Amino acid sequence: MTPKAIRISVGARTLLALFVLGLLLSAVSAGWDLQQDVKRRSQQLVQDLDAIPLIYASPLLHSQGQSQEAMQSLLTTILRQHELRSIELLTRSGEQIRAESGEVGEPGPSAEFALSGGGGALKVQAQRLTLMQMLQHDALLRSALGHLLFVVLLGLLAAVLLDRWLLRQLRRLSDEAHRFEATMPPQSLSWLEPEDHGPQEVLELERAFAHVHSTLGGELQREQTRGRQLRDEMVRQHQRLAEVERSLEAKRRELAALERHDALTGACNRREFEVALRREFKRVQRDQGRLAIAVLDVDHLRLYNERHGRAAGDALLKRLADLLAEQFQRDTDVVARLGGEEFVVLMPGLDIRLAQERMETVRDALRALALSHGALPDSNAAGLHQDWVTVSIGVAAYQPGRPYLSSQSMLQAADEALYLAKHTGRDRICLAS
Ligand SMILES: Nc1nc2c(ncn2[C@@H]2O[C@H](COP(=O)(O)OP(=O)(O)OP(=O)(O)O)[C@@H](O)[C@H]2O)c(=O)[nH]1
């Protein structure tokens, strides 16, 4: 087993972390002690300065009776002995003698003393010691600082190891959790680098994470499948609804057509005709144009029904409606069944003569069909009647010089003309007067 293969538990790593913390605390404490020591040394320096006049009062007084070189030598000795920056003696005769260490850098504290017995004054200035100077002079301090550095380095090393062994893997696990995508397959241990040997707890955490991942993924897939099925069902229902709507629309159109057309013959019904008549009548009144109406009635339909049956009578009515539809194909023409065996044709733009001509054409076309009646009352009376189905027609027209007050009075005039045609022998056209 290589050293890398040894797994270190989270507990051990926590201990390591506590150790690092302890080291750091020791380092801080040592740094604090060092600072206090420096402060103490500064105070000591001031006290040393105060002691100088007391220690050297007598030699200084005595030296003033000697040569300047002797005084200079004494000052230099004191300077070196106490590691001063400078020392200056003002003799009682007013002479000024000075000795300097020649050190550069920041000056330390200074003090001035009057020498007892009228021996003049002494001015001293200490040298402020830098950390390096202190270290040079103090072996104990050097040793303390060395230990402090060692502890700090050890702490840093331990922190790096802690980060590599625990925190980095926890960070990766956290990243993985952020990138969590339930629809993607779980990545198992792939997020650990091959050379990584994470703590057991982290591996178990990762396994638990992968388990939750795969469970959620499965659940999500089931939900997605259910969602798809619901969507498909909705599409099917939507299509069914659309089919029902289409069929409803077709029925509605059929119904609308039935509302406007006669079920047996397919011609317009009475209501549709009346709407058209009112519309065209207003127009002709406004434009002072022409509008003709012809009312047609099958002659002796009752007898025909009795002879051939009602279904044959229906077929006859349908035949007549088709004939009229063929004859009147303009957009403005309206062919309608008023009820029973009675039809009406609305002919905008035609005066009474033209309408009569068109009706003659209808009669010719009906005759050309040669629909045998077979039950006409006088069919056997030679020369009076042919044995064909015939129609009687009454025609009325709105035209200049022949206006009607209303569409109804115009229709009534056509009806009266039809009545006349019926009562003057049928199979003919009568014009409204
Ligand atoms: N087959 C069929 N017959 C109908 C229809 N509507 C009405 N009739 C018949 O048409 C006949 C109309 O009879 P009448 O009013 O006496 O008129 P007619 O027999 O045609 O004689 P005239 O009109 O005087 O020439 C009745 O017998 C009705 O039953 C229908 O839709 N189909």
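Strands β6 and β7 form a hairpin with two residues between them. G340 sits in that turn and has a positive phi of about 55°. The model is predicted: local features need pLDDT of at least 70, side-chain atom pairs count only at pLDDT 80 or more, and totals for chains, interfaces and linings use all residues. Residues are numbered from 1 along each chain as its sequence is written, and side-chain values use heavy atoms, with hydrogens and water left out.

β6 covers residues 334–339 and β7 covers residues 342–348. Strands here are DSSP runs of E with at least two residues; helices are runs of H or I with at least four, and both are numbered from the N terminus. The two strands run antiparallel and are joined by five bridges. Strands count as paired if DSSP finds at least two bridges between them. R337 stands opposite F343 in β7. Five of the six residues of β6 are buried. Buried means under 20% relative accessible area, exposed over 50%, and partly exposed in between, with a 1.4 Å probe and protein chains only.

**The ligand site**

R337 also belongs to the ligand site. Which residues come nearest to the ligand? They are L301, N305, D314, R337 and R426, out of 16 residues around the ligand. A residue is near a molecule if one of its heavy atoms lies within 4 Å of it. Polar contacts are pairs of N or O atoms within 3.5 Å; within protein, one must be able to donate a hydrogen and the other to accept it, and residues adjacent in sequence count only if both atoms are side-chain atoms.

| Residue | Distance from a polar side-chain atom to a ligand oxygen atom |
|---|---|
| D297 | 3.3 Å |
| E341 | 3.4 Å |

On its own, the ligand has 650 Å² of accessible area, and the protein covers 71% of this. These areas come from the Shrake-Rupley method with a 1.4 Å probe; for residues, only the protein chains shown count as cover. β5 (291–298), α7 (301–308) and α8 (310–327) each give two or more residues to the shell. α8 gives the most, with four residues. By class, the shell has nine charged, four polar and three nonpolar residues.

H300 lies in the loop between β5 and α7. Its phi is positive, about 55°, although H300 is not a glycine. At 22% relative accessibility, H300 is partly exposed. E83 also has a positive phi, near 55°. The loop that holds E83 runs between α2 (68–81) and β1 (84–90). E83 is partly exposed at 44%.

**Strands β1, β3 and β4**

β4 (residues 121–127) pairs with β1 in the antiparallel sense over six bridges. L84 stands opposite A126 in β4. Six bridges also join β4 to β3 (residues 107–114), again antiparallel. There, S110 stands opposite Q125. The β3–β4 hairpin has six residues between its strands, and G117 takes a positive phi near 75°.

**The aromatic pair**

How many aromatic pairs does the structure hold? It holds one. Rings of Phe, Tyr and Trp (its six-membered ring) pair if their centres lie within 6.5 Å; planes under 30 degrees apart are stacked, over 60 edge-to-face, and the rest tilted. F281 is in helix α6 (residues 270–287) and Y398 in strand β8 (residues 391–398), 117 residues apart. F281 is buried at 4% relative accessibility, and Y398 is buried at 3%.

Conventions
Ala, Val, Leu, Ile, Met, Phe, Trp, Tyr, Cys and Pro count as nonpolar, Asp, Glu, Lys and Arg as charged, and the others, Gly among them, as polar.
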